[in-house]
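Here is a short briefing on the structure shown below. Points are grouped by topic.

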Amino acid sequence: MNRSTTVLMKIEESATVLSLLKSDLLPMEVVLSQFNSKLQSSSHLAVCNSLSMMLQDQKMLCGTERIIAFGIIYHCYSSQKPSFNPFLSEMISAACNEQLEKSERAFLLHLLQWNNYNNVKEILKQSAVDYIRSFDPSTHDFPELGELQREYGDKADTGPSSHIFADYSLKKLLHDPDVPRGCDPNSPEFDVQPGGNPRIGSGDRDEALSGLLENSTMGGLAPRWIRPCPPRYPVHQSELLWIDPDNKHELVWDDKMCADTSRGATVRDLLVKGLKMTLSPSEQEDITTELTNDPKLVYNCGITARKLPQLVEHNPQIAVEILTKLNNNKEILDDFLAALVNMDMSLHSMEVVNRLTTAVELPKEFIRSYITNCISSCENAKQQDKYMQNRLVRLVCVFLQSLIRNNIINVKDLFIEVQAFCIEFSRVREAAGLFRLLKTLE
Amino acid sequence: MDSRDPSSAVASDAARDASLLSEDAAVLSVTSTLAKSALSCFQSGKFEDCIDILIQLDQKQHNDPKVLHNMAIAEYFKGGCSKSKKLLEELNCVKKQSEELASAAREQVEAVNPGTNVSVSKDQFDSTVTTLNIAVTWFHMHQFTKSSSILEPLFQNIGRLNETIALQICFLLLDIALACHDAVKFSAVFDYMDKAFGVGFGSHEENGSTMQLSSNQGSKTSSLLSSSVVADTVAESSLCEETLDYDNVLAAEYDAEKRMKSVGHIPANNLLKTLSERSFSTADLKLELQLYKVRFLLLTRNLKLAKREVKHAMNIAQKRDSSMALLLKSQLEYAHGNHQKAMKLLVVSGIHKEAGTSGIFNNNLGCIYYQLGKYEASSQLFSKALRSCSSLRNEKPVKTFSLSQNKSLLITYNMGLLYLARGEPLLAAQCFQKASVVFCRQPLIWLRLAECCMMALQNGLLDRSEIRVNVVGKGKYRKLMIEENGHLELDGSTQCGKLSLPLARACLSNGIYLLNESLLNESKSDRESTLSVGMNETKEASSADHGEANTNSDLKEAKGGLNQDIMQSSLSAFKDIQSREKLLIKQALLANMAYVELELENPIKALAAANSLLQLPDCSKIYVFLGHLYAAEALCLLNRPVEAGAHLSAYLVGQDDFKLPYEQEDFDQWRMHTSSECEETLDSSTGNARDSVFLKPEEARGALFADLAALLATQGHHDQAKAMITHALTLLPNNVQATVTAVYIDMMLGRSQDALTRLKQCTRVSFVPGRLEVRAS
């Protein structure tokens, strides 16, 4: 693209080139061989580039200098066919430019080896001054621009950068004469007079020439495309990371290490089974014996408060057994009882509670919540079918009667609640019975 | 039981057990005593003693995988939790060994008792704990995907596991899902936990009919309440006067602390306890699950429900530790854009008082300040957060897993965003590179890194925005040499460290790759999820069928279903949000890619990127504009001017006028990550207007004029080009590129005097005298 590398000439190089341009009395051959010896081929392109820019300005270089400049451009690429010269198009357009001296145009045609212009070598033996002096314009005819372009244009190498911006890049100097207003900048009065004081607006052509040589770069002026940089992706409030502490996930010590795992294994396996189905009597017996043999087994038999409801549903006896064994540990038992209160009301859960009441002394608070829960379950069952509700009510009544008869609960504590329950469900025979029982106790 | 006689199997088992017992009884009692003392040494942090005992055990029980396992853990703690890689190797080795032993034991049993599926040695060679520990280690190394894939098989069979282990697995999975923003995974795990551990969460407990679970809660409650009241009032007094200075907040903090001390109580918060230390009473678990539910809702940006649920969490937490609930409440207010309230709640949560969580406090406060546009305070807070993280890491002795609270990589990411916002690409890139350990699977971090490169490029190439004119010669020979070549300073990018355009390109292609991958997975999982939902429905139907005895079951089912409904609906809403965001990121990635390729002189690739950008459905108008512009330029560089013109003329009105390529609203919407059909609108003033600057719509129109002018100029239509560039310069009066094009056109039209005037009038031209000066500059 137009990001060409900067090819600046060294100061010594530009001085050399300038002096060569001025050697108009030496045979051009000699000038060119000096060019070869003084400048490395790596800087040829830069030199040609600067020269071609200055050649575009018709007033920068004088006639002999222009001849030598074109000679250098030709010479740099003379080992190849003229059509490979990167400055071919400049040479062609100069050759056809009517404003230029005919001698110069003829010289270019020689360089291009156009038709019968074929004695380059002869011409280069002359000095630039001699060539111009001996030039006879009448013996030459000049081709049209189109003609030349057809001849060389197709073959012209467009160079390494061949996209439209680079192709159309323009190498042009802008005149910006710094002379007092109203003066003709072309008048010789502004040239530096040897010995005289420099006046405003005067300038030294050589100084400008070496400045141009030194400052020129490879690039040209091309239309520029506006390429906006994409906007930065906005930071959504969720991209900024708000941090919550997470649970501290610790490495876990394996406490099964060297533990006597065989002892409880049978019980644990049976209990896992017991969460899903009713165990056979012999299996139940096995569990009971194991639990009795090892009083600590109950704590790691695999049954936890959260698994209790399943066990209650399938093996109420075992559940009672476990709960009874847990009686020594208040905290764990509380957890288990809470699970009982919160589980769905059923025949089995009532059976468990009922049997538990006879086996151990349960916290009053627990029994109270359990009964409240039973009653509200019956009430909530309204939305479902009548049959289910009646069944549940009957169960609760029998359960309560049993509790009362066994003196597990003090009726006074729950009197109002139970009475209201009996009245609400008076259509159920058992509820009426319970009501009568309450009355007798009153 | 099946046809086989069950009692005989059990009997033979028992017989073998008995024989084993008699033989090994002596050894067992010795080893189990040793095992117990090893555990107690471990628990009290005496790792060397612990290892000594374990070595003794290993000599007795040669190559017992469980002994080796515990040895590896103890060694790890002894080494200050630094050799995670080594630990992983050892654990994997143990796991393999116990699996081999287990299968060998199975074969042996089968040989003795063909056909019976007894599980005598199940516990002995069970590698669940080892697997969990491997996953935990990966988790702390921020390798969430790995950790998750290791846990996956355990989660599949979670019903069979011991409850404590099961809970640990579930919580780890939840935290992984949150860290990966994986709402789908989260809801799967949460669903399970809700069903398995959440039973009995029903209405009873809320009615207050359950008994008190522990008696000592009463006293704790009162002191907790009083302290949080103090903090509350302090925070209120400091924040009521609208001043949100960092110092003020800190002063309030100190004040609160002082008063708290006079009360004589600092709230002990639960956050620092480890999972195993915490006993999971039903009530604790309930709070924990509720908090996770809120975090899920926050993750899925269901703010309305999050508000309701966080209130619920506060109610549950009242009796116990409420710091986490307050923190989540603060996050909720932050998400709502109520920054003052968020700040107040953050202070009230009290997490800054514990060394383990003060880094988190500072980070979160830093986020709030960032949103307020106060970058200075924000940066102070982030660095403070990083400091407290690193001091935590160096703490000795390592009793708890200090790595687990090491959030420094997340904070580093925030820091990166901050540096980017402050225009410091080098520092930002360093942060993102560090944080990429955690985020390397997320496309966004790659976009951010690419942005760092591009910002560095722009910062390093300020010269480019000027036209340099060499002034050569004096007086009548004075010439202006406008060999305009703005890219001279490209070498300047070396000063930007490792940031470069090729790096930007690599980052962007990473991002695009990851995004495509995740879009692919998304469409795949969509198909799968519809499948699994179908399965759930049949399951529910069947469970409703045989619920005859359970009168309450329907009620509870409905409640569970509600929970699930909430999760499902916010999940699907979140999926929409995510896919919309992915599309936005994809647009950004492709646009940046096209730009970078143009900068790197690869018009073919640039064109490809721009074309895929233009093909995206529902592309933002801003990116459509960029896509057209980049495509047109690439086509010009490929010598296809006609197609280039077609891209530009998409915006043509009539022959020679352009419409606005986008409106200011489009830009605002894009900046807020919203689209017109999204009802979630945030106050745009709260966002960071500085975050992304871009051409105003009128300027974009100017760019269209200028680019068409450039194109026409190359085609030799200088007169038309002149008209276009005049329009462009009225819209973009000082634009360098437009001025250059204008000068070019003037000169092509032979009006060098006009060109001269233009150059002299443009304020962004620097006239550079002579050569030596150029070098010196």
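The face of H23(B) turned away from its buried side carries two exposed residues, B:Ile604 and B:Gln615. The model is predicted.

**Helix H23 of chain B**

- H23 of chain B covers residues 603–615.
- Its buried residues are B:Pro603, B:Ala606, B:Leu607, B:Ala609, B:Ala610 and B:Leu613.
- Viewed down the axis of H23(B), these buried residues fall within an arc of 165°, so they line one face of the helix.
- The length of H23 in chain B agrees with expectation: 13 residues at 1.5 Å a residue should span 18 Å, and the end C-alpha atoms are 18 Å apart.

**Helix H27 of chain B**

- H27 of chain B runs over residues 697–714.
- Its 18 residues should span 26 Å at 1.5 Å a residue, and the end C-alpha atoms are 26 Å apart, in agreement.
- H27(B) is mostly covered, with 16 of its 18 residues buried.
- B:Gly716 follows H27(B) and has a positive phi, near 85°.

**Salt bridge between the chains**

- Side chains of opposite charge can pair when their charged atoms come close.
- Over all chains, a search of the whole structure finds 30 salt bridges.
- Which residue of chain A meets the side chain of B:Glu633 in a salt bridge? The partner is A:Arg227, at 2.6 Å from N to O.
- B:Glu633 lies in helix H24 (residues 621–637) of chain B, and A:Arg227 lies in the loop between helix H11 (205–215) and helix H12 (261–274) of chain A, so the pair joins two chains.
- B:Glu633 counts as buried at 3% relative accessibility.
- A:Arg227 also counts as buried, at 12% relative accessibility.
- A network of salt bridges links A:Arg227, B:Glu599 and B:Glu633.

**Salt bridges within a chain**

- In chain A, A:Lys22 forms a salt bridge with A:Glu65, and their closest N and O atoms are 3.2 Å apart.
- This pair links distant parts of the chain, 43 residues apart: A:Lys22 sits in the loop between helix H1 (11–21) and helix H2 (28–38) of chain A, and A:Glu65 in helix H4 (residues 63–76) of chain A.
- Is A:Glu65 buried or exposed? A:Glu65 is buried, with a relative accessible area of 3%.
- A:Lys22 is partly exposed, with a relative accessible area of 34%.
- In chain B, the side chains of B:Asp666 and B:Lys621 meet in a salt bridge at 4.0 Å, N to O.
- That pair also links distant parts of its chain, 45 residues apart, with B:Asp666 in helix H26 (residues 664–671) and B:Lys621 in helix H24 of chain B.
- B:Asp666 counts as buried at 17% relative accessibility, whereas B:Lys621 is partly exposed, with a relative accessible area of 44%.

**Nonpolar cores**

- In soluble globular proteins, nonpolar side chains tend to be buried together.
- The largest nonpolar core has 228 residues, and B:Leu54 and B:Phe625 touch the most other members.
- Helix H22 (residues 553–599) of chain B gives the largest share of this core, 15 residues.
- A second, separate core of 64 residues includes A:Leu271, A:Cys374, A:Leu403 and A:Phe421.

**The two chains**

- Chain A has 21 helices and 1 strand.
- Of the 442 residues in chain A, 53% are buried.
- The accessible surface of chain A is about 20400 Å², with 50% belonging to carbon and sulfur atoms.
- Contacts in chain A between residues at least 6 apart in sequence join residues at least 24 apart in 70% of cases.
- Chain B has 31 helices and 5 strands.
- Of the 777 residues in chain B, 51% are buried.
- The accessible surface of chain B is about 35000 Å², with 53% belonging to carbon and sulfur atoms.
- For chain B, 67% of contacts between residues at least 6 apart in sequence join residues at least 24 apart.

Conventions. Residues numbered from 1 in each chain as written. Chains lettered and ligands numbered in written order. Predicted model: local features only at pLDDT ≥ 70, side-chain atom pairs only at ≥ 80, totals over all residues. Heavy atoms only, no water. Helix = DSSP H or I, 4+ residues; strand = E, 2+ residues; numbered from the N terminus. Buried < 20%, exposed > 50% of the residue type's maximum accessible area, 1.4 Å probe, protein only. Contact = heavy atoms within 4.5 Å. Areas by Shrake-Rupley, 256 points an atom, 1.4 Å probe, with all protein chains shown as cover. Expected span 1.5 Å × (residues − 1). Arc of directions from axis to C-beta. Core = buried A, V, L, I, M, F, W, Y, C linked by side-chain atoms within 4.5 Å.
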